[in-house]
Amino acid sequence: MTRLRASEAPSTRVVKAERSAGSQNSRTKVLSVLLFLAAPLLPVWAQDFPDDVGVFNEEGVADWAKTAFFHVSVNGKLDKIPSEDATRQGKAFAIAPNLLVTSQHIVGDPGEWLRKTNKTDHIDLAVERAARPLVRQVQITRAEGTGSDSDFANPMILPVSPYPIDTAAISFSSLRLKRYFQLSMCGIQEGQNYTALMTNSQKPADPRSIDSQEPVQLIAVGTDPKNYESLYIFDLKPGSLLEGELEGHDGSPIFDSEDNVVAVVSAVIVISGGKHRILATPIQPIFPGASTLAALGPDIAGHFDTNMKCSLFDTVKRIKNEVSAHAIWTVEVEPPDVGDTFAKIRLSYENVEETPNIESVEVTYYFWGKDQDGQENIEKIRDYDDPHKNKIVLYPNLDDSRPREFLTDEIIRIGKQLVMPHVKTARPEGFIQHVELKIIPTLSKQSGGRILDKRPIVRDFPWSLTERRALAASK
């Protein structure tokens, strides 16, 4: 049985963050635009723990997950009632090294709060016009022993969407979390089991409640627009029990079976029979078109598995890996250096990566020409010496100025020492017309280390370019 019970909360550290910028009309669409329009280009933040480490374990909440869950307190003066102080309590959770998600109604719309003025608060007029500061103070409380207070400096409150969605973000320029939660791209499935990360205190609105974290098992019920507008309904799973006050849970994350966040708690209410019901804002509508992001990356759809497709993190990572794997290849024949016998083949590539990301290439080469009497078409020359000699692995040029290039003279050497003697023996007037190259790159470990063998790159070059007369004439 999962029970949220009263507990004696130990001491915690409360971090105060003064909001210095008021109206957010110009920033309202910042996060939604980032995730919608620029999603394929989002950086994939590497987390410092194995992929198989989950949010929950046999003891309840994993230690690392506790560092990504916070209590939020907001105090200030409302614009319409400046004589009274307004206080709101809730939770927030991290989705990036310096970005927390919470409920919009906790931090409030900028228009709700009284504006600071230079007359009453001695603010420089230039600052007032530019920053438009509010009479609002945000306090972040983290669990005991989970980090430094100094991380919560210079916060920026960002409403996630211009639409009436109950989510907002709090960004900290100095915060550098190594572990945080991943978002889901999939919709909530009615009747399926989910898990909320909540506090097991009878007073969840107390900042000290953040030290008592517990998973709460839920069942997805569906929507009821007539009574709950756009909020999604979750009921507690049989055997789970919620005790204590209702306020203070808002902003808590709800996870699917793969530990991806699917929704943010917006309210906890009591329905008939004294049962508790959790109303939440789904994550998916915050990212319009998120379920079709896969179509924006090359060769994505055929490679999804059940565990991957719901994770926004994994999807963006997959798209990034596919984009980094795409390259434009060029093949050039270079004349031999002084003292060398054979011309060289230079393979080079260009892609969107700032640093070279191809560790090696496997090159299979085929000679085409005529080596038998009566041939009407140019054919692949297969039966020379050892057929296994037509494959070579190349590594990047050691010259730091050309790290995206691969150089070899072996292909020309094989052609002149093995293929041509075979051709002339079978047919004196036989010849090699061109050489076909099949290139299979292997990505560096930083780019996933994959062997890109599903779609080999095929290039060819005329054999005449390897002859000294042709080389001399081309100078």
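This is a predicted model: local features need pLDDT of at least 70, side-chain atom pairs count only at pLDDT 80 or more; totals for chains, interfaces and linings use all residues.
Tutor: Two strands pair if DSSP finds at least two bridges between them.

Student: What joins β17 to β18?

Tutor: Seven bridges join β17 to strand β18, residues 276-282, and the strands run antiparallel. The bridge partner of I269 in β18 is R277. These strands also form a hairpin, with five residues between them, and G273 in the turn has a positive phi of about 85°.

Student: Why is β17 called largely enclosed?

Tutor: Eight of its eleven residues are buried, so the rest of the structure largely encloses β17. Buried here means under 20% relative accessible area.

Student: How do you know that β10 is mostly covered?

Tutor: Five of the five residues of β10 (168-172) are buried. A168, I170 and F172 point one way, A169 and S171 the other, and all are buried. The strand pairs with β7 (residues 99-102) in the antiparallel sense over four bridges, and L100 stands opposite I170 in β10.

Student: What makes a set of residues a nonpolar core?

Tutor: The residues must be buried, belong to the nonpolar types Ala, Val, Leu, Ile, Met, Phe, Trp, Tyr and Cys, and be joined through side-chain atoms within 4.5 Å. The largest such core has 43 residues, and V72, F93, L100, I140, I170 and F181 touch the most other members. Strand β6 (residues 85-96) gives the most to this core, with six residues. A second, separate core of 34 residues includes A327, V331, L443 and L452. In soluble globular proteins, nonpolar side chains tend to be buried together.

Student: Which residues does V72 touch, not counting those up to four places away in sequence?

Tutor: Among them are R88, Q89, G90, K91 and A92, along with T102, I106, V138, I140 and I170.

Student: Why is S209 called buried?

Tutor: S209 has 1% relative accessibility. The limit is under 20%, so S209 counts as buried. Its place is in the loop between β12 (193-199) and β13 (213-223). Leaving aside neighbours within four places in sequence, S209 is in contact with H71, K91, T199, S201, K203 and P204.

Student: What makes the pairing of the S209 and K91 side chains a polar contact?

Tutor: The distance is 3.5 Å. The definition takes N or O atoms within 3.5 Å, one able to donate a hydrogen and the other to accept it, so the value stands at the limit and counts.

Student: Is E229 buried or exposed?

Tutor: Exposed: its relative accessibility is 61%, and exposed means over 50%. E229 is found in the loop between α6 (225-228) and β14 (232-236). Its phi is near 55°, a positive value in a residue other than glycine.

Student: Why is K370 called buried?

Tutor: K370 has a relative accessible area of 17%. The limit is under 20%, so K370 is buried. K370 is found in strand β21, residues 358-370. K370 and I432 are 62 residues apart in sequence and 6.6 Å apart in space, C-alpha to C-alpha.

Student: What share of contacts joins residues at least 24 apart?

Tutor: Among contacts between residues at least 6 apart in sequence, 67% do. The protein has nine helices and 26 strands, and 48% of its 475 residues count as buried. Its accessible surface comes to about 23900 Å², with 50% belonging to carbon and sulfur atoms.

Methods:
Residues are numbered from 1 along each chain as its sequence is written. Side-chain values use heavy atoms; hydrogens and water are left out. Helices (H or I, at least four residues) and strands (E, at least two) are DSSP runs, numbered from the N terminus. Buried means under 20% relative accessible area, exposed over 50%, partly exposed in between (1.4 Å probe, protein chains only). Contact means heavy atoms within 4.5 Å. Accessible areas come from the Shrake-Rupley method with a 1.4 Å probe; for residues, only the protein chains shown count as cover.
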